[in-house]
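Please keep the sequence and the structure in view while reading.

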Amino acid sequence: MSAIPAELFQPHPNRLVIIGAGIVGAHLAQCLTSPPYATSDRQVVVIDRSLTPLLGSTGHAPGFVGQLNSVAALTTLAKRSVETYRRVPGGFEVVGGMEVACTEQAVEVLKERREMAMQYGLEAELLDPKAAKGVAPAFVDEFRTIAALFYPSDGTANAGVLTATASEAAKANGAVLVEGDVVSIEQENGSVNGVHTSAGFLPATDVVLATGIWASQLVPSLPVLPVAHPYIHSTPRGPRTGSPSPFVRWPEFHVYARDHGTCDGLGTYDHVPIAEDALGEEAIGTWPAEEVFDEALASAYTHLPAGEQGRFAGGKQFNGIFSTTPDNLPLVGAVRGVAGLWAAVAVWVTHGAGSAELLAGLISGNGGKEGDAELVKALDPSRFEGQPASELRNASLRAYNDIYNRDQ
């Protein structure tokens with residue numbers, strides 16, 4: 001436990017508090033304490049109820065990183081994030097990613113995505129069933145597969161290693177990381193004043209919300225909806241020989257799978273969305289009493305080769321809660337109407353480092369890359385202002401079933 005030092009309860013002329021030490025908060029702290037975003041007078045404080053272990057979505061994310069998205073902003077953020085992750089030893093494994101098509105209509109989508117990938121400078125190779133089976137034998141049923149699209153530069157992220165590395169770099173640069181519960185954000189005359197914690201009040205000139213699924217508890221105006229999601233690890237096995245398996249997605253069925261080294265993982269979005277309105281202290285929810293998750297997983301297993309399906313019987317299943325928004329895009333930027341209040345929420349590991357660097361540029365007014373203006377507009381936390389909360393909630397639930405933004 002890293003208790004809050006007494007001096008943090010004293011005023012500071014330029015203190016920025018980041019609420020949340022997951023992959024976004026950690027990378028933001030690293031950015032804001034490094035050139036070109038650092039300033040000599042800014043104190044960066046990161047506060048989370050648990051620095052180790054990570055209790056938010058970062059600590060439970062499947063970790064696969066597919067860079068291509070039909071939404072340009074997400075592709076840009078993913079490419080930037082991968083560039084950062086690949087510099088961290090043990091943080092990112094370039095195993096590739098594969099999308100499998102089992103209908104002729106899905107094959108046409110893969111052909112369109114191959115062209116899209118080329119436009120973004122991402123390599124993508126269309127494979128026949130036999131070739132796809134050769135690349136991912138544990139996951140591809142060549143008798144149900146018509147074609148597959150393979151992205152060699154995609155991979156799997158070790159979110160724990162990436163977050164710990166960024167946190168250590170931030171601390172080495174002077175950031176202060178502490179454990180504590182933030183109960184509210186104080187505002188006065190249209191500006192942030194600080195945060196109230198279970199241990200006392202921390203004065204601050206800027207506050208960044210990087211809390212993931214808990215965002216709307218502190219800022220109710222942000223349309224971030226926590227949702228339930230079934231994931232299962234197979235029973236343990238020995239490491240496979242040969243090249244590491246890519247992660248595999250069946251987009252038309254909303255199913256995905258990956259190799260975890262000593263077991264496999266599988267998840268699905270092919271079920272009625274379930275909002276998680278009663279959150280605890282961890283991004284793990286209870287398994288629904290209804291059979292919705294069990295039925296969804298049972299259907300998902302059928303996409304695997306027959307000989308692989310039984311390994312999930314008796315595996316470890318859990319409800320991993322994550323955030324959705326009405327348009328499936330993160331909320332990154334200034335929160336309108338409250339000077340000094342910023343958000344970086346509903347951000348996947350896929351887009352974590354890129355989102356953090358984008359926000360660091362906005363906060364510091366330094367740096368900035370080509371295309372940032374378009375990103376800032378697309379991710380503006382205020383873009384849903386004026387829309388009824390009930391409509392935004394329903395849109396977020398619908399977005400769960402279009403998690404790959406196929407309808408964009």
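## Terms and basis

Two residues are in contact when they have heavy atoms within 4.5 Å of each other. The model is a predicted one, in which local features need pLDDT of at least 70, side-chain atom pairs count only at pLDDT 80 or more, and totals for chains, interfaces and linings use all residues. Residues are numbered from 1 along each chain as its sequence is written, and side-chain values use heavy atoms, with hydrogens and water left out.

Helices (H or I, at least four residues) and strands (E, at least two) are DSSP runs numbered from the N terminus. A residue is called buried under 20% relative accessible area, exposed over 50%, and partly exposed in between, with a 1.4 Å probe and protein chains only.

## Helix α2 and its packing on α10

Helix α2 covers residues 72-85, and T75 has its place in this helix. With a relative accessible area of 1%, T75 is buried. Beyond its neighbours within four places in sequence, T75 is in contact with Q67, L68, N69, Y120 and L122.

The same helix α2 packs with α10 at an angle of about 115°, and the two axes are 10 Å apart. Here axes are lines fitted to C-alpha atoms, for helices over the stretch in contact, and angles run from 0 to 180 degrees between N-to-C directions. On the α2 side A73, T76, L77 and R80 take part, and they meet D372, L375, A378 and L379 of α10. Sorted by class, this contact of α2 with α10 has five nonpolar, one polar and two charged residues. In that sorting, Ala, Val, Leu, Ile, Met, Phe, Trp, Tyr, Cys and Pro count as nonpolar, Asp, Glu, Lys and Arg as charged, and the others, Gly among them, as polar.

S382 belongs to the loop between α10 (372-379) and α11 (389-400). Is S382 buried or exposed? S382 is buried, because its relative accessible area is 7%.

Setting aside neighbours within four places in sequence, S382 is in contact with A334, V335 and R336. A polar atom of the S382 side chain lies 3.3 Å from the backbone nitrogen of R336.

L110 sits in helix α3, residues 104-119, and is buried at 3% relative accessibility. Not counting residues up to four places away in sequence, L110 touches E99, A101, L126, A147, A148 and L149. F150 is 40 residues away from L110 along the chain, and their C-alpha atoms are separated by 9.8 Å.

D259 is part of strand β17, which spans residues 255-259. At 16% relative accessibility D259 also counts as buried. Apart from its neighbours within four places in sequence, D259 is in contact with F139, R237, R240, S245 and D264. Which side chain makes a polar contact of 2.6 Å with the side chain of D259? The partner is R237, and a polar contact of 3.1 Å joins the side chains of D259 and R240. A polar contact is a pair of N or O atoms within 3.5 Å; within protein, one must be able to donate a hydrogen and the other to accept it, and residues adjacent in sequence count only if both atoms are side-chain atoms.

## Backbone features in loops

Cis peptide bonds occur from P35 to P36, with omega near 5°, and from T52 to P53, with omega near 0°. P36 lies in the loop between α1 (23-32) and β2 (43-48), while P53 lies in the loop between β2 and β3 (64-65).

H254, a residue other than glycine, has a positive phi near 60° and is found in the loop between β16 (247-250) and β17. N328 has a positive phi near 65° and is found in the loop between β21 (322-324) and β22 (331-334). N328 is buried, with a relative accessible area of 15%.

## Cysteines

How many disulfides does a search of the whole structure find? The search finds zero, a disulfide being a pair of cysteine sulfur atoms within 2.5 Å. C102 is buried at a relative accessible area of 16%, and C263 is buried at 12%.
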